[in-house]
Amino acid sequence: MATPSIKEVAHRAGVSVGTVSNVLNRPWIVAPDTRQRVQDSIRALGFVRNEAARHLRAGRSRTVGLVVLDVSNPFFTNLAEGAEALAYEHDTVVMLCNSKTDPVREGHHLDQLEQQRVMGILITPFDSADPRLQALVSRGTPVVLVDRAADSGLCSVSVDDQLGGRLAGNHLIESGHRRIAFIGGPFTMQQVADRRTGITTTVEKADGVELQLFEVDVMGVVEGRAIGERIAALPARARPTAAFLANDLLALGFLQAMSVAGLQVPRDMAIVGYDDIDFARAAAVPLSSVRQPAELLGRSAMELLQEEVEAADRHRHRQVIFQPDLIVRESSDYVRR
């Protein structure tokens, strides 16, 4: 059975094709009675408008690309929920892409999204200075960085990760720890670098405190468990008594390794993660974590993108920075004597 056409809708409603088009695209300019007749005709015939053709004529779709580093990380799931909630309010669809912390894969997604003529792109990039991002903007695709700070050339929403690192460092030092590990990676990734800088500056200001650095290629539970096994095997006199991990998935794997090794958390090893995902508070030992407002980041990024699309040449880029909070739970709530 053929798909009903716009001409059939117009004929059944007793109006012109142009009136049907107005009901679909500018319903506020059509008289209520006429609009109702057209809508009744649409429902009766089962008419579905061809969005692809509409987008082709307009030169731009109502789809927004969201490129994240790791869809298995609940932080990015929550971020996507925030972006999608606002997109829904604006009759926009979000297409989720997973770069897996791989610049090549990220570039592939960017190419595909540009070819699809998306309305804009929200991205947590591996490298916020990647020239491909500015190139997209110069060719007409708005880009907003998410969980990354940008210069004046792009809009961005981010969290002060250096402050987050300082909050974790101060907490552990005030709890009496003198050997602290920072675990994350790659160290070239901006969030990881900022969190490392935050705790490093805090440790450097404290007397008699040593910071041990451990780099991982991927920040997942498996990697956290592996680095935890390595640290647990160190002699007690050399082993750190506290660890600050650059995300909660790493921290949860690290916590598992401590349990298997027979080390008590927080007495033998205090642990602080980052992101405060739901699993943090549900862990066997509830996990202390630096909280980021993930859903708010996603929603705010979508707001910036909508502003840029609607304002066009009148738009002025904005950089929105949120403050993190340290949530202390059982995994680090212990003062060493």
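Leaving aside its neighbours within four places in sequence, which residues is phenylalanine 254 in contact with?

## Contacts of Phe254

In this predicted model, phenylalanine 254 touches Ile183, Gly224, Arg225, Ile227, Gly228, Ile231, Ala243, Leu245, Met269 and Ile271, once neighbours within four places in sequence are set aside.

The core draws on two domains: at least three residues come from each of domain 2 (61-158 + 294-323) and domain 3 (161-292 + 326-332).

## Domain layout

The domain assignment divides the chain into domain 1 (6-49), domain 2 (61-158 + 294-323) and domain 3 (161-292 + 326-332). Domains 2 and 3 are each given as two segments of the chain. Taken over C-alpha atoms, the centres of domain 1 and domain 2 are 35 Å apart.

## Cysteines

The structure holds zero disulfides. Two cysteines can be described by their accessibility. Cysteine 97 has a relative accessible area of 8%, and the cut-off for buried is under 20%, so cysteine 97 is buried. Cysteine 155 also counts as buried, because its relative accessibility is 0%.

How values were computed
Residues numbered from 1 in each chain as written. Predicted model: local features only at pLDDT ≥ 70, side-chain atom pairs only at ≥ 80, totals over all residues. Heavy atoms only, no water. Domains from an automatic or database assignment. Disulfide = S-S within 2.5 Å. Buried < 20%, exposed > 50% of the residue type's maximum accessible area, 1.4 Å probe, protein only. Contact = heavy atoms within 4.5 Å.
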